[in-house]
Amino acid sequence: MSTGRRRTRALVGAAVVAVAALTLQGCAVVDGSGDDPDTLRVMMAADTTYPKERKQWQQETAAEFKRTTGADIQWETYSSPQEELTAIQTSVISGQGPDVYAIGTTFTPTAYATGAFVEMGSDQWRAVGGKDQFDAASLGISGPSASKQIGIPFASRPFVMAVNTELLAQAGITELPTTWDALTADADATTRDGHFGMAVAYADGFDPWKFVWGMAENAGNTIVDGSKAEISADAVENAYRTYFDWVTKDGVVDPAAIGWNNAQALAQFADGKAAFFPMTTTTSLNTLKGSAVDGKYQYALLPTVPPRATERPADGIEAASILSGDNLVVADYGTKQDLSFDFVQQVSSPAAQERYFELFGQLPTNTEAAQTIARENPDLAPIVQAGKLSKPTAFTGAWSDIQLSLVDVVVQSIPSLKSGEVTDDQLRKRLAAAQRDAQATLDRQKNGGL
Amino acid sequence: MTQVQTRAPRDAQRPPREVRPHGRTPLYRRERPLWMLLPGGVLMLVVIVVPLLVGVYIAMLDLDQYTLRQWFSAPFVGLANFVEAFTDSPLLHSVWISVSLSVLVTAATVPIGVAAAISTQNRFPGRGLVRSVYLVPYVLPAFVVGTFFRTMLQPQGVVNTVFGTDVLWLNGSASYWALAGVMVWTSWPFVYLLSLAGLQAVDGEVHEAAALDGVTWWAKLRYIVFPYLRGPLSLAVIISILHNINNFTLPFVLFGIPLPSSVEVMPVLTYIASFQSFRFGLSAAMAICSLVIVAIPLFVYLRAVKLDTGDDAGPTRKQRRADLATLAAPAAADIEGARA
């Protein structure tokens, strides 16, 4: 046989093998354990902060699940909210996919709108060990009402601020600020000698809307009132003005922060270069451990009195944080719902919830476990308190778009932040655009947005 | 016998046979087993045509998170999504951004790529290493490049520090130039690769002949090298334009979501409509609009190389000889001039 022909045959053979391998691999990815009645598919967010601990938790959980039910768990991950939606979208359309999803709380309304998840009735709550075991506040974003819930609270990550106690002591500050104006004043007092009062991430994709939402809630504005957007209201304008003034007028934030994300702002705080780091969660524990501020910081509640006020107005809401964390939802297209509820019951138990806190620093949603942790970790009292004072964002499938509109106001204002001033006219125009976009999204809602 | 007798008058009546420009019979008249194209045709139908038709259908639906589950029975809205895309969304703005960026980046990468190819054409110690280094921007994953530049372009990043500037690269009007610069950095090696392929096709004897005749470097470049590069460069330009218009990863990683308005490119806009706003129908309409835009340069290219006709693209040997003669004439004049 000629060398050329032999080579051609070898190439053809290699191509056939490659195609066959890819096909088999494709089948493996598509089918997974979908048809195996003894394997539960669980999808969660990828954990880049604690990858080793995540693996350990998965092994422990799977072993326990195998012991109690005889079934295996196949773990699947998503690395972004967009990937999360793509997975849900594919599963919803094809009617096959993971049996249980751990989704972010603010994503729960969108998941609810798809109608692809089991609505928890009394039987279902009983199957996961009872609804009463969960902290009442953590159920705030499980569904549009107490009788229509799909989300089973799994982990709580309320937002708080980290405070550099050493810098505060040097500035003679003895009491932590409880109003946004007091926070600005304290930040001003601690801004000196290369230190800034606050570490704020203006270029983060999420932080800006959480600040604005919190300040607006404190003033009694919930951003969405039924089917009406309220972004162009005074309370929201005041919130943006306060947020922008920190870097333009008050000078309490490093000018470089206009290009930062949350991790960069955290790094500045961890270096001991900022007195306050508002908008963080217990996930920052890992970074702060062994840093320049180790032993010199504490967590504190975010202010709950709106800007330009010394006390909360009568209709103001004592919202210390958005209701943040993870909910578990069970797919209604699957045939393994009993197994799914067994899994939820297992990870909702006090022991499992305490173990989850131990590994990842995320607070339990189980009341008993939360009490144990609060008792054993007095330092975390502000975080536990923030969890209790967390308020849900509007339960509408349009929230994702509204959130984007709120962030867009900041993104488009960054060049002005750099030049040192966002004029009232610029701000109002951007708020009007955000209001228009948000209202259009709300107007497009079907089924009342649910 | 009868056949011979009848054929002669029929031939006589037949109009003179059309002489094809390249002396070839059109593809559809050639006796070829066209049925053998069937598997490819079926594959094309399944892989391209069916999804395209489904995409067009989705573009006519009010498909969002509320109707996703029963997507086939989502409300039919006809052309409403297209109308909204053009009249009530930033699509036209993003078309302008994407097309202008694409043309700008392609125009910048061609001279860089050609110069790099010419610089490594002649043998020199370490040529292999230089050629490998040239390919680094091309082989790095786009998200790595994006992350890398995102760090460098921070307000207090390496770029501002080194150049002593205070420019906001990742927001505002400068972000357009930042994106263009990063796109140039990542895409010039592609032009370099195709140019290198074109240069490899130049017959060594031609170089020898030119050297013997004492041709200047510019004449050699202008009349020998560049004509050989015309084909590969046309291909490089068209692919670069298409690739740059469709570039999603770099703007997504560099600027995040939402994008500053000066870099609001089409692919990311479509992505936001789909995965942030959950307007699947609208995003499908946007995607179809972008497909049409992308199809324009593709059509021009296909016409230019005649791949969309039944004719083969390549010129005949006779034509090639004529082309060479045309090319050689000015070179010869140059040579004569140089000798004089």
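Reply: Start with a definition: the expected span of a helix is 1.5 Å times one less than its number of residues. Helices (H or I, at least four residues) and strands (E, at least two) are DSSP runs, numbered from the N terminus. This is a predicted model, where local features need pLDDT of at least 70, side-chain atom pairs count only at pLDDT 80 or more, and totals for chains, interfaces and linings use all residues. Residues are numbered from 1 along each chain as its sequence is written, while chains are lettered from A and ligands numbered from 1 in the order in which they are written.

Me: What about helix α12 of chain A: how far does it reach?

Reply: Helix α12 (residues 337–348) also has 12 residues. From first C-alpha to last it reaches 16 Å, close to the expected 16 Å.

Me: Why is Phe276(A) called buried?

Reply: A residue is buried if 20 or more other C-beta atoms lie within 10 Å of its own, exposed if 12 or fewer, and partly exposed in between; C-beta atoms are placed from the backbone. Phe276(A) has 27 other C-beta atoms within 10 Å, so Phe276(A) is buried. This residue is found in strand β9 (residues 274–280) of chain A.

Me: What makes α8(A) "mostly covered"?

Reply: Of its 12 residues, 12 are buried. Among them are Trp209(A), Lys210(A) and Glu217(A). In α12(A), the buried residues include Leu339(A), Phe343(A) and Val347(A).

Me: Which residues does Phe276(A) touch?

Reply: Two residues are in contact if their C-beta atoms, placed from the backbone, lie within 7 Å. Leaving out residues up to four places away in sequence, Phe276(A) touches Met161(A), Val163(A), Leu183(A), Ala187(A), Gly197(A) and Met198(A).

Me: Which residues touch the most other members of the largest nonpolar core?

Reply: A nonpolar core is a set of buried Ala, Val, Leu, Ile, Met, Phe, Trp, Tyr and Cys residues joined through C-beta atoms within 7 Å. The largest has 174 residues, and Met198(A), Tyr202(A) and Val212(A) touch the most other members. Helix α16 (residues 399–419) of chain A gives the most to this core, with 10 residues. A second, separate core of 11 residues includes Trp188(B) and Leu229(B).

Me: What are the two domains of chain A?

Reply: Domain bounds come from an automatic or database domain assignment. That gives domain 1 (32–157 + 325–382) and domain 2 (160–319 + 396–449). Their centres, taken over C-alpha atoms, are separated by 29 Å. The contact takes 12 residues from domain 1 and 14 residues from domain 2.

Me: How many residues of chain B are in contact with chain A?

Reply: 22 residues of chain B are in contact with 27 residues of chain A. Ala, Val, Leu, Ile, Met, Phe, Trp, Tyr, Cys and Pro count as nonpolar, Asp, Glu, Lys and Arg as charged, and the others, Gly among them, as polar. The side of chain B that touches chain A divides into 11 nonpolar, 10 polar and one charged.

Me: What secondary structure does chain B have?

Reply: Chain B comes to 15 helices and zero strands. Of its 340 residues, 29% count as buried.
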